[in-house]
Structures are given as C-alpha cells and as structure tokens.
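Welcome, and please take a moment to look over the sequence and the model shown here.

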Amino acid sequence: MDNNKIVELLREVKDPKTGQDLISLRMIEDLKIEAPNVSFAIVIDGIEPDVKSFLNFECIGKIQAAYPEAQVHVHLKSKSSNTEKSDQVLPQIKNIIAIASGKGGVGKSTVSANLALALQSKGAKVGIMDADLYGPSIPTMFGIQDIKPGVEQLYGKHKIIPIQKHDLSLISIGNIIDAEQAVVLRGPRLGGIIKQFIHDCIWPELDYLLIDLPPGTGDIQLSLVQTIGLTGAIMVTTPQEVAYVDALKAMNMFLLDNINVPILGVVENMAWFTPAELPDNKYHIFGKGAGKKLAQKSNSMLLGSVPLVQSIREGADNGIPAFIQEDSLQKKYFEDIALNTIRQVNLRNESGVRTKKVQVTT
C-alpha cells in the first residue's frame with residue numbers, strides 16, 4: 001500500500017460543509033498504514049450526525065476500491081474544545097470583507113467588482129458574494145445576467161456552485177431569479193438567503209471574499225454578522241455631505257460593541273469629474289473631503305479616491321469592469337485601493353484577534 005496513494009484517495013472525499021477535500025482542510029489526522037490495515041481520524045466539528053456515517057463510508061469506499069484487501073479503521077474525532085477552529089464557518093477562505101455604504105448609488109458594486117479584479121492582479125484568489133438582494137448589480141457588471149449557478153449534490157444535500165468569470169467566483173440572487181422579477185422578502189427570508197450563500201455554496205479556496213452589501217443597516221447586514229466572522233469592512237461614500245452622514249451611521253453599526261467589525265478603510269467614489277477631452281482637469285462637483293473625514297472617524301485610512309469618469313459607468317453597464325478595459329486610465333485608482341486593502345488586511349491579521357460572529361441572545 002502506497003501512503004501517497006492513500007492520501008490522494010482521501011483527497012477525493014469532500015467536506016460536507018465547504019465542499020473542499022479533507023486533505024486540504026487538514027481534517028485527516030493520525031494516518032497509519034500497516035498492510036492490510038489503514039487507520040486514521042476525521043475531525044468532524046460542526047458536521048451533522050446524519051452526515052457522519054456518509055463521510056465514514058465514503059472514505060472506506062474510496063480506499064477499498066483501490067485496495068480491496070484493505071481493512072479500513074476510521075475514528076471520528078471532535079475538537080470542539082478548540083472554539084477558534086470549530087466556530088470557523090468558511091475555513092478555506094482567508095479573508096472576508098464587507099463592502100458597505102449608508103445610501104445607494106454611491107458605487108459599492110463598482111468598487112467591489114474592480115477591487116476584486118485588482119486584488120486578483122496581485123496574485124490573489126478572489127470571490128464576490130452579491131448580498132444586495134433587492135438590487136443585485138454584480139450580474140450586470142460582469143455580463144453574466146443569463147448564466148445560472150451550478151448545483152451539486154453533496155451527501156444528500158444540494159449545494160450551489162459559484163459562477164466563474166475572469167477567474168473570479170461569483171454568486172448573486174440576480175443569477176437565480178428572472179431579471180425582471182421583484183424580490184419581495186421580509187427579514188427571516190432575507191437572512192435565510194444570506195445563510196444559504198454562505199453555508200450551501202461550494203466556495204473554493206480564496207484569499208479574499210468580498211461581500212457587496214445593500215445600503216444601510218438592515219436585516220441583511222445583521223444576518224451577515226450573525227452568520228460569519230468578518231475580517232473587516234470597507235466603507236464607500238461620495239464626497240457629498242448627505243452621503244457622508246449616512247455612511248457614518250452605517251460605519252457606526254459595524255463598530256458597535258456587540259458587533260465589533262473593524263473598518264479597514266474608506267473608498268471615496270465620484271471624488272471629482274474629469275472629462276475625457278480634458279484628462280488633467282478636476283471638477284469637484286460633489287464637494288471634497290468626505291472620504292478622508294470618514295476615515296478619520298473610524299481610525300482607519302482613505303484607501304483611495306475614484307473619479308467620476310464615463311468609461312467606468314459604461315464598463316459597469318456593458319459587463320466589462322473598468323479595471324480590465326484596454327488602455328484604462330482608471331486602472332491605477334483601483335490598483336492603489338487594492339494595495340492599501342492588502343496592507344490593511346495584513347495589519348488586521350497581524351493583531352491576532354479574529355472577528356467572531358455576533359451571538360444572538362434571547
């Protein structure tokens with residue numbers, strides 16, 4: 001019996017929570033091979049009782065298919081005492097970042113789409129979860145309105161497979177319902193969809209998952225922080241005072257003691273207007289300084305400012321984000337935001353304090 005072969009066979013077995021293989025998630029421990037005996041332990045924290053037997057027999061079946069004489073001994077092992085590990089919902093995703101604002105129309109989805117591509121250009125694996133259930137924009141911005149996500153059955157349960165575009169993993173309710181269908185849902189149903197996008201979606205290994213939130217401080221935001229621990233949030237505002245005032249309220253929700261999600265930084269969108277024929281001119285038609293002021297209030301930083309440019313709007317409408325447009329002059333703005341985001345995330349992670357999901361008490 002070949003040890004490497006056994007490992008590769010176990011790599012074919014998927015974790016029922018994440019859809020990732022057991023070897024990559026380090027769920028296999030104490031592997032010993034003394035032919036014809038093969039023994040190992042599977043770490044099963046957070047796995048439903050009715051799935052444990054499926055997982056057990058799946059491992060046995062894979063090994064005995066290659067080695068019919070094998071006597072496979074599987075020990076199901078719990079590490080629930082290690083709360084840091086057992087509380088982790090998406091262990092294959094290193095950083096989960098909420099993209100938030102106080103009001104609509106300030107460009108959260110534009111920032112999410114272009115920031116994702118900018119982070120990817122730096123070698124990162126990136127995904128976007130479109131959590132704006134009432135007004136999903138990600139399908140339009142990536143030109144995937146007519147594509148439906150795949151579905152895979154895993155241990156008797158149906159799982160959603162994110163759509164791949166530009167090597168990004170994308171999921172949005174806009175790819176599940178008809179384009180003209182209104183989403184008429186109240187709090188519990190909204191929260192249920194967010195949980196489904198997290199628990200019932202087979203996300204690959206990612207360095208960053210960006211969550212494009214709706215504006216404000218409603219049910220979706222609360223459901224998110226109750227479902228998963230966030231690395232941090234990025235606030236998006238325009239320079240206009242009315243946008244700043246609402247963004248400040250939204251930001252303060254994340255900073256509440258019982259939520260305690262750090263603000264990684266602020267992106268100021270539509271910071272100035274530059275006509276294509278006058279590329280050196282700047283017209284501050286929405287005012288100045290709101291982004292920097294919001295960053296100071298959160299003790300974070302201004303990640304970057306993005307001008308109001310026609311090609312960014314056209315790219316969003318045509319499914320070609322500005323960052324990947326040929327000869328795009330706007331690419332540099334999103335590159336700066338990506339580099340600053342990476343720095344802020346690294347500083348956050350170096351602190352050693354992980355954001356925990358909000359516990360609901362009754």
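Predicted model: local features only at pLDDT ≥ 70, side-chain atom pairs only at ≥ 80, totals over all residues.

Residues are numbered from 1 along each chain as its sequence is written, and side-chain values use heavy atoms, with hydrogens and water left out.

In soluble globular proteins, nonpolar side chains tend to be buried together. Here the largest nonpolar core has 47 residues, and Met129, Leu230 and Phe254 have the most contacts inside it. A nonpolar core is a set of buried Ala, Val, Leu, Ile, Met, Phe, Trp, Tyr and Cys residues joined through side-chain atoms within 4.5 Å; buried means under 20% relative accessible area, exposed over 50%, and partly exposed in between (1.4 Å probe, protein chains only). Elements giving two or more residues to this core include β4 (93-100), β11 (232-237) and α9. The most comes from α8, with 6 residues. Helices (H or I, at least four residues) and strands (E, at least two) are DSSP runs, numbered from the N terminus.

Leu230 touches, among others, Ile96, Leu224, Val225 and Phe254, leaving aside residues up to four places away in sequence; contact means heavy atoms within 4.5 Å. Apart from this core lies another, of 42 residues, with Ile97, Val126, Ala271 and Val309 among them.

Now turn to helix α7 (residues 219-227), whose buried residues are Ile220, Gln221, Ser223, Leu224, Val225 and Thr227. What covers them includes β5 (126-130), α6 (187-199), β10 (206-212) and α8 (241-254).

Gln344, in helix α11 (residues 331-350), is buried, with a relative accessible area of 16%. Its contacts are Leu264, Met301 and Leu303, again not counting residues up to four places away in sequence.

What about cysteines? Cys59 is buried at 0% relative accessibility, and Cys201 is buried at 2%. A search of the whole structure finds 0 disulfides (pairs of cysteine sulfur atoms within 2.5 Å).

Finally, come out to the surface. Ile285 sits in the loop between β12 (263-273) and α9 (290-297), and this isoleucine counts as exposed because its relative accessible area is 51%. Together with Phe273, Leu278 and Tyr283, Ile285 forms a nonpolar patch on the surface.

Key: Patch = residues over 30% accessible without salt bridge, like charges linked within 9 Å, V, L, I, M, F, W, Y side chains within 5 Å. Areas by Shrake-Rupley, 256 points an atom, 1.4 Å probe, with all protein chains shown as cover. Salt bridge = Lys/Arg side-chain N within 4 Å of Asp/Glu carboxyl O.
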